[in-house]
Amino acid sequence: MKKRILTGDRPTGHLHLGHYVGSLKSRVELQNDYDEFIIVADVQALTTHFNNPELINDSIYQVTMDNLAVGLDPEKVVIFQQSMVPSIHVLTMYYSMLVTVNQLQHNPTIKTEAKNYGYTEMTYGFLGYPVSQAADITFCNADLVPVGEDQIPHIEFARKIVRKFNDHYGTSIKEPEYKLSQVSRLCGLDGNAKMGKSMGNAIYLSDGPDVLWEKVRNAVTDTNRIKVAIPGNPDVCTVYQYHKAFNPEGVPEICAGCTGATMGCVACKKKLAEKMNAILEPIREKRHYYEEHKNVVRDILMAGTEKANKIGNENLREIEEKMHLHV
Ligand code: TRP
């Protein structure tokens, strides 16, 4: 029996190269060896974007298309819409009895995100999203969650809830493990620590070659290198970080050209754009097909949602029986 993986994204925009390098690429590699579930976490998107339902609606399609375009095979993976799986929301409610408000207020990821969003007060839904995420992972008894550094507290938290829950009710919900992504985070084109859809510093999987070039052309390099003749310092250059991710075999040449003052920044950026386009071209092509066939995207999402519901409902029935909720 294959182990089950659960992973996914909040639909609050298109996915970008940071997502590709950090998670989408490995999702594709894992789909043959694991039973893979991909959640389109629209309820979680509401925790921060409740006032923008149109964006979430469109993003459900965008995120699903991004996942399909990178090569996830709907015959192998289950892509599903969170809001349409009631067992997740019921389980969230049951879990919430075992979680204190104080515990959530001390969650480091919640704290960082609240600060980034400028929240002076948190809604019940936002504060509680780690509980909901624990249900996302465990409603189908997932074994493994691939994560970046910032999601680790959520998995630890999910494990804690599950342990407590199983102790109380004699259920046998699986304690999920995390699988830390090997890739370091891609920085923003502006040199900011993180590529983010909210920060205007991202290259999207849906960007065409012209848009890509505009973005790469404007990316921040070593600001001291105002002309080619001045040797650059690759370690402080955003574009060099990108070469490491998208052009690993070319890194020695780029490094030598920069530090030896023989290659200018524009030439260096052209090489990068070329490499990125080579990776993105087949993705764009697939994505284009889905953009033209929105009904296919919808059918895939609904078929996945049906599978998730079947598994979730069965598990929930067992859980409720152990909780003595059946009369
Ligand atoms: N928190 C993830 C994000 O911000 C999305 C997500 C929701 C998720 N539920 C999940 C990821 C369960 C892994 C497992 O993109």
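**From the ligand outward**

In this predicted model, a polar side-chain atom of Asp-136 sits 2.7 Å from a nitrogen atom of the ligand. Such a polar contact is a pair of N or O atoms within 3.5 Å; within protein, one must be able to donate a hydrogen and the other to accept it, and residues adjacent in sequence count only if both atoms are side-chain atoms. Taken alone, the ligand exposes 370 Å², and the protein buries 87% of that. Accessible areas come from the Shrake-Rupley method with a 1.4 Å probe; for residues, only the protein chains shown count as cover.

For Gln-44, an N or O atom of the side chain is 2.8 Å from a nitrogen atom of the ligand. For Gln-133, a polar side-chain atom is 3.0 Å from a nitrogen atom of the ligand.

A few words on the basis. Residues are numbered from 1 along each chain as its sequence is written, and side-chain values use heavy atoms, with hydrogens and water left out. Local features need pLDDT of at least 70, side-chain atom pairs count only at pLDDT 80 or more, and totals for chains, interfaces and linings use all residues.

Now the whole shell. The ligand is surrounded by 13 residues, each with a heavy atom within 4 Å of it. The closest are Arg-10, Gln-44, Gln-133, Asp-136 and Gln-151. By class, the shell holds five nonpolar, five polar and three charged residues. Here Ala, Val, Leu, Ile, Met, Phe, Trp, Tyr, Cys and Pro count as nonpolar, Asp, Glu, Lys and Arg as charged, and the others, Gly among them, as polar. Which elements give two or more residues to this shell? They are β1 (4-9) and α8 (129-138). The largest share, four residues, comes from β1. Helices (H or I, at least four residues) and strands (E, at least two) are DSSP runs, numbered from the N terminus.

Move to the strands. Strand β2 (residues 35-40) pairs with β3 in the parallel sense over four bridges; pairing requires at least two DSSP bridges. Strand β3 covers residues 78-81. Val-78 and Phe-80 point one way, Ile-79 and Gln-81 the other, and all are buried. Buried means under 20% relative accessible area, exposed over 50%, partly exposed in between (1.4 Å probe, protein chains only).

Next, the helices. Is Ser-59 buried or exposed? Ser-59 counts as buried because its relative accessibility is 1%. Ser-59 lies in helix α3 (residues 53-69). Leaving out residues up to four places away in sequence, Ser-59 touches Pro-11, Thr-12 and Gly-13, where contact means heavy atoms within 4.5 Å.

Helix α11 (residues 238-246) buries Thr-238, Val-239, Tyr-240, Tyr-242, His-243 and Phe-246. Their cover includes α1 (17-30), α12 (251-259) and α13 (265-292).

Helix α12 also holds Pro-252. Pro-252 is exposed, because its relative accessible area is 56%. Its C-alpha atom is 25 Å from that of Pro-209, 43 residues apart along the chain.

Ala-261 has a positive phi of about 55° although it is not a glycine. Ala-261 lies in the loop between α12 and α13 and counts as buried at 18% relative accessibility. His-324, not a glycine either, has a positive phi of about 60°. His-324 is in the segment after α14 (294-322) and is exposed, with a relative accessible area of 69%.
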